[in-house]
Amino acid sequence: MAVVIESSVWEPNPSLFVFIFLACLLSVFLLPYASRSAPPSVFDHGASLHSSRFQRNFLLLYSLCSVMEGVPSVFGEFEFSYFGVSREQMVLSLCVGFAASLIVGSFLGVLSDTIGHRKFCLFFCILHLFVGIWKRITAHPSVWVASVCLSLASSIYSFSFETWMVVEHEKQGHREDLLSDTFWLMAFLGSASFIGSQVFANWLIGDDLKKRMISPSTAAVLLALVGVICVARLWRGSSQQEVFEDHGRSYSYFCNDRRIWLLACAQACLHFSISMFWILWTPILVADGRELHLGLIYPCLLGARMLGSTIFPWLISGSLSFRTEDCTLYAFIISGSVLSVVAYDYQEIGVLVALFFLFQACVGVILPSLARLRTMYVPNDLRGGMISFSLAPANAAVLLFLVHGGYYRSVSNAAIMAFAAVGLFAAAGCMHVLKRLGKQPYQHLRKL
């Protein structure tokens, strides 16, 4: 008599999706009634048409570019398996990408501050266009070329769009509450666009194997072309011309301001933790051969980040009205505690997913908080360089752990998550020191 062993595939409860959707919906639509400022900024019908058009056009462009950024990450693993890339080669491609971000991407922010952020947003779209065409016309595209180009595009994505929006906001004289709203809407719509890129990539994958490889590349080319047209037409007269001597004096100010160093350190710790999380979350969940529907867990995690981003305006402008430093400090402490528990390698899937959910919700609060603090303490002509420089030590740390943990396997996943937790606690310490400094912000006339 044969023994049949039934294997169950773990997947999140469908009610979790309903909860995330309703929570985000209620958080956004009830915010105007809880905000102390009048009239409310996100749904302000008395705002100028120009301000509304400014925010709407930018957020639409940012959402489109977020979809471009998300499609390769969703489709990449399947693409590697299709071309027969081994595990060591996958790790090596990640190392090449982070090395490119470290060596080249660290200086792109300074160049962007000099020649204009609009041009770098255009370059972001051109990089995706080049990779899409390369994959479309080449039977066996080079993994290294795609990894380098997409890594540089990710570096540009991390600083250019935010900096471009802040600079244009100041030039056009829009309300300051509009800037705060745009920060959390960027985090919200960016996560929603990543979910949309997953749906879009899955829709493009059909039954025919050859079609499955061609369709995403063609879609990437079309998306990039639309992005190039939108960036080229949006704020056409906003090119930024600066003098190198002025930047030299500004960066001497950068080196002497402890507040900027504290923000850069916190940004580096956050970037390292997020990067290691997205690299390790799947191996941690599927440890010991467990079967899961990863395609259902991924949107839940991004939905948690969306929910966290909607909580941010409640904390700073609602009835609670915390200081931004306090919000960021507590979010860093909670996220560090979450990764500390994960570092103990707890094996229950439900608990791990709940911890990952909480971590992403904290990230949703931290991202707009750091953007708001940068507006308070960092001059606009240094913003892109400050962000790109802050990512350099994070990329170096990720590269180090990829080599030792992914390639040589001399460091366990639990140890790497423990280092990520330590980094988040260090970022919380930076926020505590920043709060204790108690100095006037750089743009003291533009308090948010």
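From the N terminus onward, the elements of the protein chain follow the order α-α-α-α-α-α-α-α-α-α-α-α-α-α. The secondary structure of this predicted model thus amounts to 14 helices, with zero strands. Among these elements are helix H1, which spans residues 14–34, and helix H3, which spans residues 87–115.

The protein chain has 448 residues, of which 53% count as buried. Among contacts in the protein chain with a separation of 6 or more, 86% are accounted for by residues 24 or more positions apart. The accessible surface of the protein chain was computed at about 20200 Å², and carbon and sulfur atoms contribute 66% of that area.

One feature of this surface is a nonpolar patch of about 490 Å², formed by Val18, Phe21, Leu22, Leu25 and Phe29. Within this group, Leu25 is located in helix H1. Leu25 counts as partly exposed because its relative accessibility is 37%, a value that falls between the 20% limit for buried residues and the 50% limit for exposed ones.

When neighbours within four places in sequence are left aside, the contacts of Ser101 comprise Ser106, Ser151, Ser155 and Asn395. With Ser151, a polar approach was also computed: the side chain of Ser101 reaches the backbone oxygen of Ser151 at 3.5 Å.

Note on methods: Residues numbered from 1 in each chain as written. Predicted model: local features only at pLDDT ≥ 70, side-chain atom pairs only at ≥ 80, totals over all residues. Heavy atoms only, no water. Helix = DSSP H or I, 4+ residues; strand = E, 2+ residues; numbered from the N terminus. Buried < 20%, exposed > 50% of the residue type's maximum accessible area, 1.4 Å probe, protein only. Contact = heavy atoms within 4.5 Å. Areas by Shrake-Rupley, 256 points an atom, 1.4 Å probe, with all protein chains shown as cover. Patch = residues over 30% accessible without salt bridge, like charges linked within 9 Å, V, L, I, M, F, W, Y side chains within 5 Å. Salt bridge = Lys/Arg side-chain N within 4 Å of Asp/Glu carboxyl O. Polar contact = N/O pair within 3.5 Å; in protein donor to acceptor, adjacent residues only side chain to side chain.
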